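Keep the sequence and the structure in view while reading.

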Amino acid sequence: MNPESLEILEYLRNSSPRCWITVGTNGGAKSESFWRRVAELTTEVMFCIDGLEDTHSIYRKNTLYKTVMKNAQTVMNNNGRANWKFIVFDHNKHQIEEARQLSEQLGFAKFFVHDHGRNQTPVFDKYGNFEYWIGKKDLEESNQNPKIEWFLEAQVRKEPPTHDNYYYGTPATKIKCQHMEKKELYIAANGEVYPCCFMGHYPHTFQRNMSTWYGHVNNQVHEIASNNNALEHGLEKAIEWFYKIPNLWNKKTFGEGHLLVCASSCGNDNPYQFDKTYEHKPPPLL
């Protein structure tokens with residue numbers, strides 16, 4: 001929806017013809033000419049299509065399945081590479097194989113299945129009025145807002161790794177940093193710069209309540225992400241704080257500064273490590 005989307009893509013492509021550009025989108029807006037140009041400028045477009053016509057819009061509010069599929073087909077018809085990302089919910093998991101087969105028939109390059117743990121959430125309209133609930137409403141609140149105290153206390157008691165504290169990351173986890181592996185960075189909408197999207201949940205302005213997941217993550221990142229707005233300080237200055245991060249991986253506890261977000265997202269012995277569920281090949285030599 002950014003009115004300068006094409007200009008941004010053109011700038012990236014002209015600045016670095018070999019740059020690997022992936023656009024992640026719900027694909028529910030814009031004209032056919034827009035998507036033709038996207039096909040020309042990008043390496044791939046990841047269309048987030050969470051089900052088939054009867055289920056897709058349950059989570060992807062205000063998007064029409066037929067419009068998304070039409071836009072994806074426009075990309076593919078113009079020599080663009082389109083991928084299908086399918087987020088699993090209870091209401092669409094029975095359609096995974098049918099969607100996979102459809103993706104092959106239509107010409108999608110890849111079909112990705114992601115379970116992001118979004119199965120329990122309220123849904124509101126654009127005015128903030130409650131409409132319906134996705135998943136089981138009576139699940140414990142900890143499934144939505146995991147209590148940070150639990151795994152901090154488990155760490156003190158030196159409990160053996162379990163499914164839960166592996167998911168949240170343990171200080172013993174060795175970090176295989178995606179930012180370093182893929183030479184990526186993440187620029188938020190307000191100009192703040194982070195090594196990856198996992199850190200970019202607006203730690204300077206968003207919640208830092210230590211009883212919530214993002215609160216704990218944002219509190220840690222807020223402490224180290226200084227002068228990281230490229231609009232204010234320039235890109236070179238905005239990434240200087242990145243060099244503090246590897247030293248924190250050697251801290252023995254989260255309280256001492258070991259980064260929870262790094263352990264949980266890029267721990268190389270973590271069964272939920274992002275790289276294990278998302279295939280990303282390096283750009284071809286042009």
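Predicted model: local features only at pLDDT ≥ 70, side-chain atom pairs only at ≥ 80, totals over all residues.

Strand β2 (residues 44-48) and strand β3 (residues 82-87) run parallel and are joined by 4 bridges. Within this pair, Met-46 stands opposite Asn-83 in β3.

## The hairpin

Strands β5 (residues 121-124) and β6 (residues 130-134) run antiparallel, with 4 bridges between them. Thr-121 stands opposite Ile-134 in β6. The two strands, β5 and β6, form a hairpin, and 5 residues lie between them. In the turn, Gly-128 has a positive phi of about 90°.

His-204 is found in the loop between β8 (193-194) and α9 (213-224). Its relative accessibility is 25%, so His-204 counts as partly exposed. The cut-offs explain this: buried means under 20%, exposed means over 50%, and partly exposed is in between.

Leaving aside residues up to four places away in sequence, His-204 touches Glu-192, Tyr-194, His-222, Ala-225 and Asn-228. With His-222 there is a polar contact between the two side chains, at 2.9 Å. A polar atom of the His-204 side chain also lies 3.0 Å from the backbone oxygen of Ala-225. Asn-219 is 15 residues from His-204 in sequence, and their C-alpha atoms are 8.3 Å apart in space.

Definitions and conventions. Residues numbered from 1 in each chain as written. Heavy atoms only, no water. Pairing = 2+ DSSP bridges. Buried < 20%, exposed > 50% of the residue type's maximum accessible area, 1.4 Å probe, protein only. Contact = heavy atoms within 4.5 Å. Polar contact = N/O pair within 3.5 Å; in protein donor to acceptor, adjacent residues only side chain to side chain.
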